[in-house]
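Please look through the structure below with an eye to how its side chains pair with one another.

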Amino acid sequence: MFSKVLAAVLLTSSFAMAYPTVGDKVMWKGAEEKLDGSKTDMSVTKEVTKFDLTSHKWTVKVDTTKGDETTTEEIMKSCLWSPDAWQHTMTNCAMMGGTMEEVAVTTGTYQACRTTVTADDGRIIKTWMGDVPFGVIKHEVTDVTAGTKTTLALESITEGTPAPEPEPTN
């Protein structure tokens, strides 16, 4: 359940180049920390593996590792985070209840729209969205009931190769 929720939250994205495109790959790393001080390392990797011209859907492979357990799934999406989505989010950040701020992670410092949401079950979810593939720069979930705080931050970005432009027909 946790990996599906995490995958759904992270399946939004953008990059300061030509994205989305097949081959875009992003990794987030972090940990789940408990009140007793114990910590479980985590990582999520997403990669755009296909684009189907007929259905206009993207295939995204999601690998989620928590401690020793790894799950892999493929998700079909009709739309992925794009520079246009980032521009819309940046322009409307305050209207969406967020604040624009800088956030520093392993891959650099980014302008981001930080939103904070309290879920129905009481979890506090903070997400920093920016101009990177899949959009998520940092994601933090505090679960007071479970006594955990889970943080994932952008660790690496690999650009895909844009498809060549079709030759004009005469």
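Cys93 and Cys113 are both buried, where buried means under 20% relative accessible area, exposed means over 50% and partly exposed lies in between, with a 1.4 Å probe and protein chains only. Cys79, by contrast, counts as exposed because its relative accessibility is 55%. This is a predicted model, in which local features need pLDDT of at least 70 and side-chain atom pairs count only at pLDDT 80 or more, while totals for chains, interfaces and linings use all residues. Residues are numbered from 1 along each chain as its sequence is written, and side-chain values use heavy atoms, with hydrogens and water left out.

The structure holds one disulfide, a term for a pair of cysteine sulfur atoms within 2.5 Å. It joins Cys93 to Cys113, with 2.2 Å from S to S, and because the torsion about the S-S bond is about 90°, this disulfide is right-handed. The pair links distant parts of the chain, since Cys93 sits in the loop between α2 (83-91) and β5 (99-105) whereas Cys113, 20 residues apart from it, belongs to strand β6 (residues 108-118). Helices (H or I, at least four residues) and strands (E, at least two) are DSSP runs, numbered from the N terminus.

How many aromatic pairs does a search of the whole structure find? The search finds two, counting rings of Phe, Tyr and Trp (its six-membered ring) whose centres lie within 6.5 Å, with planes under 30 degrees apart called stacked, over 60 edge-to-face and the rest tilted. Trp28 and Phe134 form an edge-to-face pair, because their ring centres are 6.3 Å apart and their planes stand at 70°. Here too distant parts of the chain are linked, as Trp28 lies in strand β1 (residues 25-34) and Phe134 in the loop between β7 (124-130) and β8 (136-143), 106 residues apart. Trp28 is buried at 0% relative accessibility, and Phe134 is buried at 2%. The pair of Phe51 and Trp58 is tilted, with 4.5 Å centre to centre and 50° between the planes.

Turning to charges, the structure holds six salt bridges, each being a side-chain nitrogen of Lys or Arg within 4 Å of a carboxyl oxygen of Asp or Glu. Among them, Arg123 meets Asp121 at 2.8 Å, N to O, and Lys149 meets Glu140 with the closest N and O atoms 3.9 Å apart. Glu140 is buried, with a relative accessible area of 11%, whereas Lys149 is partly exposed at 38%. Lys126, Glu140 and Lys149 are linked in a network of salt bridges.
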